[in-house]
Amino acid sequence: MDPDSVKSTLSGLAFGNVMAAAARDYQKELLSQQKVQTSTNEEVDLDELMDDPELEKLHADRIASLKREAEKRQALKRQGHGEYREISEGDFLGEVTGSERVICHFYHREFYRCKIIDKHLKALAPIHVNTKFIKLDSENAPFFVTKLAVKTLPCVILFRNGIAFDRVVGFQDLGSKDDFTTKAFENLLIKKGIINDRKDTEDSDAEDDGVDNKSRNVRSSTGNYSDSD
C-alpha cells in the first residue's frame, strides 16, 4: 500500500474524530445553555409567585387560622379537655355544664367491662379535644345515679350544653362483645354526634344544628344495677 495513501487515510480519520468530538461538545454546550435558561425562568416564576398579593393573603389567612385553632385547643385544655379524668359528685354539674360536649362514664371499680370502657375513652380523649371526657364512680354519686336513671353499668352518658341527650349502656351497641376496637367505639360516638369525625377539619357547627331535638332528654335504661352481661 502507498505510504502517502495510508497517511492521507489516517489524517482523514483523525479529522473525522476531531469533528465528531467537536459536534459532541457543541451539543453539550447547547444542552447546558437550555438548562441555565430553564433554571432562570423558574427563578423568575418563583419570584413572581412570592410577590403575588393573593398568595400572601392566603398564607396570612392560613397562619391566622392555625393560630386561632391553637388558642382554642389551649383554652379547651384549661377546661379539662384532652385527657380522661375522674371527677367527684360535687364537681359533676360544673364539669357537665362547663363545656359544650361532655362524655361521662358512670363506672364501678370492680366491674371488668367498666375497665374496658376506661381503656377506650383514655385513648380517645387526647384525639377529640373538642369534647370533654370524664368518669364518675357510681357508688360515690348516688344522687346523679338516681337522677339520670343509671341502672346498668358501664353507662356512658353524652351531654350537649349540659343536657343528657344520649347514652351507651353496656356493650349492646358494640356487638355485645368485650373485644371491640377503639375505632368501633369511636365510630359509635361519632354517629351519636358527641365527637367529630377526624376527617372533618372544620368546627362542627352544622353538626350541632343537626342533633334531633327530640333526643334531648335523659333516656332511662332497663336492667339491674350491675355489670352488663
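**Entry: arginine 101**

I looked up arginine 101 and found it in strand E2, which covers residues 101-107. I am working from a predicted model. Is arginine 101 buried or exposed? Its relative accessible area is 4%, so I noted arginine 101 as buried, the cut-off being under 20%. I then checked what its side chain meets. The side chain of arginine 101 makes a polar contact with the side chain of asparagine 196, at 3.0 Å.

**Entry: alanine 149**

Next I went through backbone angles. Alanine 149 is not a glycine, yet I read a positive phi of about 55° there. I placed alanine 149 in the loop between helix H5 (142-147) and E4. With a relative accessible area of 16%, alanine 149 is buried.

**Entry: proline 154**

Which form does the bond from leucine 153 to proline 154 take? I logged this bond as cis, with omega near -5°. Proline 154 sits in the loop between strand E4 (152-153) and strand E5 (155-160).

**Entry: serine 176**

I noted a positive phi of about 55° for serine 176, again at a residue that is not a glycine. Where is serine 176? I found serine 176 in the loop between strand E6 (163-169) and helix H6 (182-191). Its relative accessible area is 46%, so I put serine 176 down as partly exposed, a class that lies between 20% and 50%.

I set the two residues next to each other. Alanine 149 is buried, whereas serine 176 is partly exposed. For each I have a positive phi of about 55°.

Terms used: Residues are numbered from 1 along each chain as its sequence is written. This is a predicted model: local features need pLDDT of at least 70, side-chain atom pairs count only at pLDDT 80 or more; totals for chains, interfaces and linings use all residues. Side-chain values use heavy atoms; hydrogens and water are left out. Helices (H or I, at least four residues) and strands (E, at least two) are DSSP runs, numbered from the N terminus. Buried means under 20% relative accessible area, exposed over 50%, partly exposed in between (1.4 Å probe, protein chains only). A polar contact is a pair of N or O atoms within 3.5 Å; within protein, one must be able to donate a hydrogen and the other to accept it, and residues adjacent in sequence count only if both atoms are side-chain atoms.
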